[in-house]
Amino acid sequence: MKHEAELEQELQAYLDFFVHIGEQDLSALPALVAQHTSTDFRFIDPFNSLQGQEAFCKLLDKTRRDVRSPSFEILAITTLNETDSERNWVIKWRFRGKVPVLETMDVTGFSEILQDRHTGLIHSHHDYWDASVHFYGRLPLIGPVLRWIANKASV
């Protein structure tokens, strides 16, 4: 089992891929995430649900191509819980960038990251953020409809 400092260091190396997404070499990512085990790496966000290192690297590469001036800022890191086999991290972050159609995007969200305590590898990353407000609600055609529906549903 890895020491706490080692786990934190490996988590930080993983988070650095997001903080420095524009200039990171993605070939180093496989050393940080699980593969070919019973807990292959899994990533989920409001737009994606994928499994495996290769699919995740493709997603990060697409993000780098589609988003101009991407910026991730880590606002807080805490441990939610841990067992003998894994550590459950919660990361609060802020993402900014320029995307097609919407132009600017500025989103604060949370990630739940599961890390194997024996290997230090990340085996799950689940992002939570409100896509209805920060993305769909800002689209030219459906945004006004979604805002109208939200107003009708609110108290």
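Modeller: Buried here means a relative accessible area under 20%, exposed means over 50%, and partly exposed lies in between (1.4 Å probe, protein chains only). This is a predicted model, so local features need pLDDT of at least 70 and side-chain atom pairs count only at pLDDT 80 or more, while totals for chains, interfaces and linings use all residues. Residues are numbered from 1 along each chain as its sequence is written, and side-chain values use heavy atoms, with hydrogens and water left out.

Salt bridges come first. The rule asks for a side-chain nitrogen of Lys or Arg within 4 Å of a carboxyl oxygen of Asp or Glu. The count is 12.

Start with Arg117. This residue is buried, at 7% relative accessibility. The side chain of Arg117 meets Glu82 in a salt bridge, at 2.3 Å from N to O. Arg117 sits in the loop between β5 (103-116) and β6 (122-128), and Glu82 sits in strand β3 (residues 68-82), so the pair ties together parts 35 residues apart in sequence. Glu82 is partly exposed, at 38%. Both residues belong to a salt-bridge network that also links Glu4 and Arg87.

Strand β5 supplies another contact. Asp106 and Arg94 form a salt bridge, 2.4 Å from N to O. Arg94 belongs to strand β4 (residues 86-99) and Asp106 to strand β5, so this pair ties together parts 12 residues apart in sequence. Arg94 counts as partly exposed at 25%, and Asp106 does too, at 35%.

Asp61 and Arg65 have their closest N and O atoms 2.7 Å apart. They are four residues apart in helix α2 (residues 53-66), about one helical turn. Asp61 is partly exposed at 30%, whereas Arg65 is exposed at 57%.

Five of its seven residues are buried, so β6 is largely enclosed by the rest of the structure. Strands pair if DSSP finds at least two bridges between them. β5 and β6 run antiparallel over six bridges, with Ile113 opposite His125. Their hairpin has five residues between the strands, and Gly120 takes a positive phi near 80° there. Strand β1 (residues 42-44) pairs with β6 in the parallel sense, over three bridges. Phe43 has His125 as its bridge partner.

Phe43 leads on to the rings. Rings of Phe, Tyr and Trp (its six-membered ring) pair if their centres lie within 6.5 Å; planes under 30 degrees apart count as stacked, over 60 as edge-to-face and the rest as tilted. There are 13 aromatic pairs by this rule. Phe43 and Phe56 have ring centres 5.2 Å apart and planes at 40°, so they are tilted. This pair links strand β1 to helix α2, 13 residues apart. Phe43 is buried at 3%, and Phe56 is buried at 0%.

Phe72 and Phe95 make another tilted pair, 4.8 Å centre to centre with 45° between the planes. Phe72 lies in strand β3 and Phe95 in strand β4, so parts 23 residues apart in sequence are tied together. Phe72 is buried at 18%, and Phe95 is buried at 9%.

Key. Helix = DSSP H or I, 4+ residues; strand = E, 2+ residues; numbered from the N terminus.
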